[in-house]
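Here is a short report on charged side-chain pairs and one surface patch. Look over the model first, then read on.

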Amino acid sequence: MGKLIVLEGLDGSGKGTQSRYLADNLIKAGKKVRLIDFPKYGSDGASLVELYLSGGLGGKPEDTGAYAASMFFAADRYVSYRQDWQKDYLDPDTVIIANRYTTANAYHQLSKMDRADWDGFLAWLWDFEYTKLGLPAPDRVILVDVPQSVSDANVEKRSRETGVSKDIHEKDREYLHRCREAALYVAEACGWTVISCADDEGKQYPVETIGKTIQDALADLLS
């Protein structure tokens, strides 16, 4: 089996940019790489995810409970894995880089729950996707972390420049603030690598600087 590396981070953190940057650099270094993104908008597997994020089940994230929403996103990953990238993962020479994965469900859904229920939910989620559904567990998870003010500004800028409406997560700043708190909790509990991507004044570091830090953190896995 290949290596599965996941990049996580809040909306507007730059994880998509860093996923592509990492993939490009590994390809230049001669490695076989497959880049995957979740959710897979427009696919059959993501139909319930799109219904949820567009507000079709309620205008606020908490209108859909953590377990129900988790099943929507899990279905998207399962269909994608079986139809698309399973063959790549089974190739021992291929590095799979995922821009979000099961790990995103962890902190997004924890933010809807009482803190006393967090550990129980995480145990359920890992068992559901990695054991019962048979999806591969990541070999390494990188959390691309920026201050909330930075991600908020980036989300606003992206929506303005692309003309794409914000989904129910992106519209709810309080929800995203809770997600960052939850993400840092899961990172510590599960041994993720946290990469700080901004200075003390909230200025985001250059793409190349962040990218080198990420590659250095993965050197042992990819050597």
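The salt-bridge count comes to 11. The model is a predicted one. Side chains of opposite charge can pair when their charged atoms come close.

| Salt bridge | N to O distance | Separation in sequence |
|---|---|---|
| Asp 91 and Lys 32 | 2.4 Å | 59 residues |
| Glu 181 and Arg 115 | 2.9 Å | 66 residues |

**Asp 91 and Lys 32**

The side chains of Asp 91 and Lys 32 meet at 2.4 Å, N to O. Asp 91 is buried because its relative accessible area is 17%, under the 20% cut-off. Lys 32 has a relative accessible area of 45% and is therefore partly exposed.

**Two pairs that involve helix H7**

Glu 181 and Arg 115 form a salt bridge of 2.9 Å, N to O. Glu 181 lies in helix H7 (residues 173–190), while Arg 115 is in the loop between helix H4 (102–110) and helix H5 (118–132), so parts 66 residues apart in sequence are tied together. Glu 181 is partly exposed, at 44% relative accessible area. Arg 115 is partly exposed too, at 46%.

Is Asp 145 buried or partly exposed? Asp 145 counts as buried because its relative accessibility is 12%, and buried means under 20%. Arg 180, at 24%, counts as partly exposed.

**A network**

Arg 34, Asp 84 and Asp 88 are linked in a network of them.

**A nonpolar patch**

Now the surface. Which residues make the nonpolar patch? Leu 48, Leu 51 and Leu 57 do, and the patch covers about 230 Å². Leu 57 is found in the loop between helix H2 (47–53) and helix H3 (66–89). Its relative accessible area is 37%, so Leu 57 is partly exposed. That value passes the cut-off for patch residues, which is over 30%.

Methods:
Residues numbered from 1 in each chain as written. Predicted model: local features only at pLDDT ≥ 70, side-chain atom pairs only at ≥ 80, totals over all residues. Heavy atoms only, no water. Patch = residues over 30% accessible without salt bridge, like charges linked within 9 Å, V, L, I, M, F, W, Y side chains within 5 Å. Areas by Shrake-Rupley, 256 points an atom, 1.4 Å probe, with all protein chains shown as cover. Salt bridge = Lys/Arg side-chain N within 4 Å of Asp/Glu carboxyl O. Helix = DSSP H or I, 4+ residues; strand = E, 2+ residues; numbered from the N terminus. Buried < 20%, exposed > 50% of the residue type's maximum accessible area, 1.4 Å probe, protein only.
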